[in-house]
Amino acid sequence: MGTRLRLVFFHLIISVSFSSYAQNIECFGGANYNIFRDSWNADGHIYSEYEPAFGHQFGIGINDLRIDWITFRFTLSYDKYGGSLQSTYGGLGGGKSTTAEINKSIVSVGIYPVVLKVFEKIIINAGFELSRLIHESFSGKTGGWNYGSNENWNYDLSEKYSHFSSKSYAGVRFRIAYELSLGGKYYFVPQYSNYFSIGSEFAEFPESTRSFRQYLAIGIQCSF
């Protein structure tokens with residue numbers, strides 16, 4: 001009984017805290033522009049070319065959440081993005097190459113502990129996002145060669161791999177928004193943000209690939 005009471009008490013504290021400080025709830029959506037890129041510490045024997053692609057995102061955000069003296073923004077979002085690549089690894093003994101077109105769908109949780117307000121209308125946020133892959137589609141070819149034995153091989157990606165992308169992601173995100181009053185408690189919120197991944201985008205070669213995404217979105221915010 002004591003454990004149950006503590007759980008109920010904890011739930012009530014959380015509910016009261018969120019109802020006290022969750023003053024602005026926002027629904028947002030828009031387009032993204034993704035380009036895959038090599039990691040800064042990628043192997044020097046890897047040469048890659050990437051083609052960008054457009055996608056979209058939508059989600060909800062809660063502003064002005066507070067824990068003690070820290071005010072932050074929280075987001076829960078769905079994101080679809082992709083792109084194409086041609087990557088080659090070569091050494092003295094042989095090499096391999098992959099040509100692929102990839103599209104992903106992810107669900108992300110974002111925490112933005114940096115909240116700056118300029119003239120009470122311009123909002124600047126910085127924080128991090130954790131994401132989980134929920135769907136992917138990919139097509140292309142992968143192959144390799146061995147100089148010593150003159151062996152060559154080629155496969156369709158879909159025949160060789162059951163999945164190509166990593167399952168989980170982490171990255172940092174920066175956002176700037178402008179709150180335009182619609183009268184009463186509602187606001188129109190155009191916004192721009194960019195995201196830099198800090199983990200591997202792919203489970204297969206080229207594993208060192210990262211993602212850089214830019215977003216242009218529109219939000220409707222309600223103040224309580």
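At 7% relative accessibility, R175 counts as buried, where buried means under 20% relative accessible area, exposed over 50% and partly exposed in between (1.4 Å probe, protein chains only). The model is predicted, so that local features need pLDDT of at least 70 and side-chain atom pairs count only at pLDDT 80 or more, while totals for chains, interfaces and linings use all residues. Residues are numbered from 1 along each chain as its sequence is written, and side-chain values use heavy atoms, with hydrogens and water left out.

The structure contains seven salt bridges, a salt bridge being a side-chain nitrogen of Lys or Arg within 4 Å of a carboxyl oxygen of Asp or Glu. Among them are the following pairs.

| Salt bridge | N to O distance |
|---|---|
| E26 and R175 | 3.3 Å |
| R173 and E129 | 2.9 Å |
| D156 and K141 | 2.6 Å |

R175 pairs with E26. Because E26 lies in strand β1 (residues 24-38) and R175 in strand β8 (residues 168-178), this pair ties together parts that are 149 residues apart in sequence. Strands (E, at least two residues) are DSSP runs, numbered from the N terminus. E26 is buried at 0% relative accessibility. A network of salt bridges links E26, R73 and R175.

R173 and E129 also form a salt bridge. This pair links distant parts of the chain, with R173 in strand β8 and E129 in strand β6 (residues 122-146), 44 residues apart. R173 is buried at 6% relative accessible area, and E129 is buried at 1%.

In the salt bridge between D156 and K141, D156 belongs to strand β7 (residues 151-156) and K141 to strand β6, 15 residues apart. D156 is partly exposed at 24% relative accessibility, and K141 is partly exposed at 48%.

Definitions and conventions
Helix = DSSP H or I, 4+ residues; strand = E, 2+ residues; numbered from the N terminus.
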